[in-house]
Amino acid sequence: MTQHRRLILVIALVLAQSGFAPALLGQESAPAAAAGDAIQMTAKKYEFNPSVITVKQGQHVKLVITATDRDHGFKLAAYNIDQRLDKGVATPIEFTADKAGTFPFECSVVCGLGHHRMKGKLVVEPAGAASP
Ligand SMILES: [Cu+2]
């Protein structure tokens, strides 16, 4: 190995440690898209976590929900969403939050005695509201 190649290797290693590796090497992990980040959620008897989701009107929302203890469902009637959540599967649910307001969501797969109280809410802040 020539001195020159060794230098390039060292630079590559330094970049790799500072987080530039994926860009440098064109690797698999998708870069985090600032505005369009997925919101990770879990569902279990008898709650969603988080149970309150706040987004901005007009935002493209991507939820990724994993049911951890058994099958559940995610029903957000205001946005015509009713998605089954199979146990252990990270299930993506995407929509554009075009309506402002507070909208309830709930489990849509009967999962036990507490099923009816397995709920949460989506808060869509109106466009033009105070923002940083
Ligand atoms: Cu349920």
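**Copper site, core and backbone of a predicted model**

The site of the copper ion is tetrahedral, with angles of 85 to 129 degrees among its four donor atoms. Four donors count as tetrahedral if all angles lie between 85 and 135 degrees. Ideal angles for four tetrahedral donors are 109.5 degrees. The structure is a predicted model, in which local features need pLDDT of at least 70 and side-chain atom pairs count only at pLDDT 80 or more, while totals for chains, interfaces and linings use all residues. Residues are numbered from 1 along each chain as its sequence is written, and side-chain values use heavy atoms, with hydrogens and water left out.

The copper ion has as protein donors Cys107 (SG), Val109 (O), Cys111 (SG) and His115 (ND1). These lie 2.1 to 2.4 Å from the ion. Donors are N, O and S atoms within 2.8 Å of the metal (3.2 Å for Na, K and Ca); water is not among the atoms, so sites may look incomplete. Along the chain, the donors follow the spacing C-x1-V-x1-C-x3-H. Val109 and Cys111 are both buried, meaning under 20% relative accessible area, whereas exposed means over 50% and partly exposed lies in between (1.4 Å probe, protein chains only).

The largest nonpolar core has 24 residues. Such a core is a set of buried Ala, Val, Leu, Ile, Met, Phe, Trp, Tyr and Cys residues joined through side-chain atoms within 4.5 Å. Phe48, Leu63, Phe74, Leu76, Tyr79, Phe95 and Leu122 touch the most other members. Elements giving two or more residues include strand 1, strand 4 (60-67) and strand 9 (119-125). Strand 4 gives the most, with four residues. Strands (E, at least two residues) and helices (H or I, at least four) are DSSP runs, numbered from the N terminus.

Leaving aside neighbours within four places in sequence, Phe95 is in contact (heavy atoms within 4.5 Å) with residues including His60, Leu63, Tyr79 and Leu122. Thr91 is in strand 7 (residues 90-96). Thr91 counts as buried because its relative accessibility is 9%.

Several loops hold backbone exceptions. Most residues other than glycine have a negative phi, and most peptide bonds are trans. A cis bond joins Lys45 and Tyr46, with omega about -10 degrees. Tyr46 is in the loop between strand 1 (39-44) and strand 2 (47-49). Another cis bond joins Asn49 and Pro50, with omega about 0 degrees. Pro50 is in the loop between strand 2 and strand 3 (52-56). Asn80, not a glycine, has a positive phi of about 55 degrees. Asn80 is in the loop between strand 5 (72-76) and strand 6 (81-85). At 74% relative accessibility, Asn80 counts as exposed.

Technical notes. Four donors count as tetrahedral if all angles lie between 85 and 135 degrees; four count as square planar and six as octahedral if opposite donors are over 155 degrees apart and all others between 65 and 115; anything else is irregular.
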